[in-house]
Amino acid sequence: MRVLFFCMALSVAIFGKELNILAAANLRLVLEEVKQEFLQDYPDVSINLSFLSSGKAYAQIINGAKADLFFSADEDKPQKLFQQGYVLGEPQVYAFGTLVLCTTKDLNLSTFKVLQSSSVKHIAIANPKLAPYGFAGVEFLKNIGAYADVAHKLVVGDSVGMALSYVKSGNADLGLSALSLVINDKSFTYRVLDDDLYPPIKQAFVVLEQTKNNDIASAFARFVLSSVGQGIFERYGYKRAK
């Protein structure tokens, strides 16, 4: 597999180029690993990853931010960019995300009644207007009939990463977050939430029209969708793109 990708690198003469990627915050750990694996075949490429909420990334792109690729936590924002003429080609789904309920405290996550417990004062969640995981979290709370009871406990972060930091610091007792951010962090106890309790987190990427590095951007995109790339995503709790 590496030989194949190395030959591709030679054939498109992309050595020495720089790739700037805007990515949803849930991808902070998995994309770093994807990047390192990719660079084994493209050692002379420089890759800059910027992690933020999908909504903020979308706003930055339409306001002229310089980037080659955008990896969103949903399909909606890449689709809007496609319709508005900001991208090369249609959005491609690269993974399906998984929502978790998590804590660093001694709380019983086997029952959702813990959300309404008097011992839980604050529940961290990403801004549902900016972050797809935040939207999924709100829908989860509504679907289990707990939203009205716990809305006053919600502590909102700009991104799923920011919301999780409130849990890790102890400023929030519980959090609704991405499995990818807690799966390898032993400081968290978490419960994977059933898929039917929240809308599918269908994550898509686009190559931006403004890129001057379409060859390397396309190579990185192909790597993400390859069996190697998809295997890395699976190790972080994502479901493969269908």
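Is Val160 buried or exposed? Val160 is buried, with a relative accessible area of 5%; buried means under 20% relative accessible area, exposed over 50%, and partly exposed in between, using a 1.4 Å probe and protein chains only. The model is predicted, so local features need pLDDT of at least 70 and side-chain atom pairs count only at pLDDT 80 or more, while totals for chains, interfaces and linings use all residues. Residues are numbered from 1 along each chain as its sequence is written, and side-chain values use heavy atoms, with hydrogens and water left out.

**Annotated site**

- The unreviewed UniProt entry lists Ser54 and Val160 under "binding site"; UniProt positions are given in the numbering used here, feature names are shortened, and annotations may be inferred rather than shown by experiment.
- The two residues span 107 residues in sequence, yet no two of their C-alpha atoms are more than 9.9 Å apart, so they gather at one spot.
- Both Ser54 and Val160 belong to the lining of the largest cavity. A cavity is a set of points, on a 1 Å grid over the protein atoms alone, where a 1.4 Å probe fits but cannot get out, and lining residues have an atom within 4 Å of a point.
- Ser54 is located in helix α3 (residues 54-62); helices (H or I, at least four residues) and strands (E, at least two) are DSSP runs, numbered from the N terminus.
- With 1% relative accessibility, Ser54 counts as buried.
- Leaving aside neighbours within four places in sequence, Ser54 is in contact with residues including Ala24, Phe70, Lys77 and Pro132, where contact means heavy atoms within 4.5 Å.
- Val160 is located in helix α7 (residues 160-169).
- Leaving aside neighbours within four places in sequence, the contacts of Val160 include Asn26, Ala126, Tyr133 and Leu181.

**The five-strand sheet**

- Five strands form an open sheet in the order β7-β6-β8-β5-β9, with mixed pairing; two strands pair if DSSP finds at least two bridges between them.
- β7 and β9 (189-192) stand at the edges with a single partner strand each, so one side of each is left without a neighbour in the sheet.
- On average, neighbouring strands of this sheet are turned by 30 degrees against each other, direction ignored.
- Helix α5 (residues 132-143) packs on the sheet and touches β5 (99-103), β6, β7 and β8. The direction of α5 makes about 125 degrees with that of β8; axes are lines fitted to C-alpha atoms, for helices over the stretch in contact, and angles run from 0 to 180 degrees between N-to-C directions.

**Strand β6**

- Strand β6 (residues 123-126) is covered on both faces, with Ile123 and Ile125 buried on one side and Ala124 and Ala126 buried on the other.
- β6 pairs with strand β7 (residues 154-157) in the parallel sense over four bridges, and Ile123 stands opposite Leu154 in β7.
- β6 also pairs with strand β8 (residues 174-178) in the parallel sense, over two bridges, and here Ile123 stands opposite Leu174.
- Strands of a sheet pair through backbone hydrogen bonds, either parallel or antiparallel.

**Salt bridges**

- The count comes to 11 salt bridges, a salt bridge being a side-chain nitrogen of Lys or Arg within 4 Å of a carboxyl oxygen of Asp or Glu.
- Lys17 and Asp215 meet through their side chains in a salt bridge (2.8 Å, N to O). Lys17 lies in the loop between α1 (2-12) and β1 (18-24) and Asp215 in helix α9 (residues 214-225), so the pair ties together parts that are 198 residues apart in sequence.
- Lys17 is partly exposed at 25% relative accessible area, and Asp215 counts as partly exposed at 23%.
- Asp158 and Lys56 form a salt bridge between their side chains (2.9 Å, N to O). Asp158 lies in the loop between β7 and α7 and Lys56 in helix α3, so this pair ties together parts that are 102 residues apart in sequence.
- Asp158 is partly exposed at 38% relative accessibility, and Lys56 is partly exposed at 35%.
- Glu139 forms a salt bridge with Lys142, with the closest N and O atoms 3.9 Å apart. Being three residues apart in helix α5, Glu139 and Lys142 are separated by about one helical turn.

Note on methods: On a 1 Å grid over the protein atoms alone, a cavity is a set of points where a 1.4 Å probe fits but cannot get out, and a pocket is an open set with protein on both sides within 12 Å along at least five of seven lines; lining residues have an atom within 4 Å of a point.
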